[in-house]
Amino acid sequence: MSTDLSRTLHATIDGEPAGVPTAFDMSRVRARARRRRTVRVATRAATGAAAVGVIAFAGLHATRRDVTPLPPAREGAAPGTCGSDVRAVADEHPDDSISLYAGVAQAHEEFGDDQPVPEQSALGRVVGPEAEITLGVRHDGAPSLDPVWDTPVDLRLVVTHDGTVVGVVDESVDTTSGYERDGEVWTFRTVRMPMVTCDEPGRSGGDRLPAGEYEVYATRGDDTPVTALAGPWDLTVVDDTLVAALPAGFPSDVVPVIPGRVVRAEEHDGVWTVEVANPADDRFLEAARLLGERDYLDMVGVDKIEKVVDGWWVEVHNSSRIYGDNETVSYFVGHRPL
Amino acid sequence: MAAWEQVLDDLVQVRGHALVRYATYLTGDRRQAEDVVQEALVRCFGRTRTLRDAVAAEAYVRRAILTEFLDGHRRTTRWRSVRHLMARDEHVESPEVSTVERASVEAALATLSPRLRACVVLRFYDDLTVAEIARTLGLADGTVKRYLSDAMDALEGVLGPLNADRTTDIELVNTREAR
């Protein structure tokens, strides 16, 4: 007797009984989901916050930063403009000729083996001022890569929260890779998408998006109203507040560390070791940016930064250690070569 | 209770065990499957995307389960608040599929590599075409065909003849013979 694979899989999966699996902790599932849906929105805070670095390590202190409200929903706004709702356009006129990917995605064309870029549903978690995103575009009707490689493609990225457009970015970037497969021609380019609010009528944007969950859509051109949209892709903006103070004596004024939770901070024989946990995927890129080494990192693709800053020898490592769900960046700082 | 929480509760109440079974076929390990499903639920329902009902939500959650599985992230957080030492198999006897057959398929799938397992589940449960599987997993069509063919050969070695739809889009020229 032969085994019917499809029937068996359907029967076993769909034949499972109703009821919540006993191993599930639904209170925690709900709580975690609820936290992710919350966007920190606050009015502009007064200045005069306590400075980090002059407070004893035993205390927990938050650096106060101005947190800007998101652009409000504007009823009747043309889809694709700041404050508009784009969900109806996305549902009714989806565009599958555009794809977005987290970070730098390359189509591999070596040795004649065309490999498509794997589809993603999320653009990752970002703590820096920009999200590194690869934009893929399908060139319908193109016979091959050659005629479209140098053709500029104008794209608009729309960042939404709860369906409302809160960020708009227009990009026109050169192609960096591409592939041909099954009659389809795709080109790719990587951009750094600013994580800032869009301009509302009567109010300029440009403020960092508050921590929270967003969805990103993409469309061709920069016309409004938009008539078709690709997406959405999920994007998380990570809180950029440093929530635990660094110990007194650590040269935080010349060695800025990434936001997050300090999980280790100690000094031995004149060398500081500080480890900061952060859930963002770009935590190491942000560490590099704060030290002025972002472009260097792009060029050489290393996972360790070494530099001398005002007489301090600094090493920064992208750690694979895990605290809870977050990986860490480690700083080693001393007055002599490490 | 917010609308999304109601949808979440409805989905888990009606399809919780099915999602765990789906994830078990992918991961080969039930405890890992339970973690993966819960993480996928947090990922899906932690978004502000409107999920109208449990049916609409399940498609997103199954996709998130696949993503969690393929990402292969090691989580140190464990979800179990209560450890059950008793067997948790709560199968309903299906008149069409024998218990032996069900257990054999699950055991046979567990012998495959993760990529092959994913291809089999996407093909024979999610009913995706080769092209759709290729796009989902980021593989070439030919690679998916090869994976499915290898998986079927391996499963037949364990289960005996398979009455699976080896349609033309997954049949390969046996290049091994040509070498």
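Buried here means under 20% relative accessible area, so Trp272(A), at 11%, counts as buried. Keep that cut-off in mind, because Phe250(A), at 5%, is buried by the same rule. The model is a predicted one.

**The five-strand sheet of chain A**

- Five strands make up an open sheet with mixed pairing, and their order is β2-β9-β8-β4-β5 in chain A.
- At the edges sit β2 (122-126) and β5 (164-172) of chain A, each pairing on one side only.
- On average, neighbouring strands in this sheet are turned by 25 degrees against each other, direction ignored.
- Strand β4(A) covers residues 154-161 and runs antiparallel to β5(A), with eight bridges between the two.
- Two of the residue pairings here are Thr160(A) with Val165(A) and Val159(A) with Gly167(A).
- β4(A) and β5(A) form a hairpin with two residues between them, and in the turn Asp162(A) has a positive phi of about 55 degrees.
- β4(A) also pairs with β8(A) (residues 212-220), again in the antiparallel sense, this time over six bridges.
- For that pairing, Val158(A) has Tyr217(A) in β8(A) as its bridge partner.
- How much of β4(A) is buried? Seven of its eight residues are, so the strand is mostly covered, given that buried means under 20% relative accessible area.

**The four-strand sheet of chain A**

- There's also an open sheet of four strands in chain A, ordered β1-β3-β7-β6 and paired antiparallel.
- β1 (98-102) and β6 (177-181) of chain A are the edge strands, with pairing on one side only for each.
- Neighbouring strands of this sheet are turned by 25 degrees against each other on average, again ignoring direction.
- β1(A) and β3(A) share five bridges in the antiparallel sense, and Ser99(A) stands opposite Gly136(A) in β3(A).
- Thr134(A) belongs to strand β3 (residues 130-138) of chain A.
- Is Thr134(A) buried or exposed? Thr134(A) is buried, because its relative accessible area is 0%.
- The side chain of Thr134(A) makes a polar contact of 3.1 Å with the side chain of Thr190(A).

**Nonpolar cores**

- The largest nonpolar core has 60 residues, and the ones touching the most other members are Leu41(B), Phe45(B), Val61(B), Ile65(B), Val120(B) and Leu155(B).
- Helix α1 of chain B (residues 3-27) gives the most to this core, at 12 residues.

**Aromatic residues**

- A pair of aromatic rings is described by how far apart the centres are and by the angle of the planes.
- Searching the whole structure turns up five aromatic pairs over all chains.
- For Phe250(A) and Trp272(A), the ring centres are 5.9 Å apart and the planes are at 85 degrees, so this pair is edge-to-face.
- That pair links distant parts of the chain, 22 residues apart: Phe250(A) is in the loop between β9 (230-237) and β10 (261-268) of chain A, while Trp272(A) is in strand β11 (residues 271-278) of chain A.
- Tyr101(A), Tyr179(A), Trp186(A) and Phe188(A) come together as one aromatic cluster.

**Chain B**

- Along the sequence, chain B reads as α-α-α-α-α-α-α-α.
- Chain B has 179 residues, and buried ones make up 53% of them.
- What sits over the ring of Tyr22(B)? The charged end of Arg62(B) does, at 5.5 Å from the ring centre.

Note on methods:
Residues are numbered from 1 along each chain as its sequence is written. Chains are lettered from A and ligands numbered from 1 in the order in which they are written. This is a predicted model: local features need pLDDT of at least 70, side-chain atom pairs count only at pLDDT 80 or more; totals for chains, interfaces and linings use all residues. Side-chain values use heavy atoms; hydrogens and water are left out. Buried means under 20% relative accessible area, exposed over 50%, partly exposed in between (1.4 Å probe, protein chains only). A polar contact is a pair of N or O atoms within 3.5 Å; within protein, one must be able to donate a hydrogen and the other to accept it, and residues adjacent in sequence count only if both atoms are side-chain atoms. Two strands pair if DSSP finds at least two bridges between them. Axes are lines fitted to C-alpha atoms, for helices over the stretch in contact, and angles run from 0 to 180 degrees between N-to-C directions. A nonpolar core is a set of buried Ala, Val, Leu, Ile, Met, Phe, Trp, Tyr and Cys residues joined through side-chain atoms within 4.5 Å. Rings of Phe, Tyr and Trp (its six-membered ring) pair if their centres lie within 6.5 Å; planes under 30 degrees apart count as stacked, over 60 as edge-to-face and the rest as tilted. A charge sits over a ring if NZ of Lys or CZ of Arg is within 6 Å of the ring centre and within 35 degrees of the ring normal.
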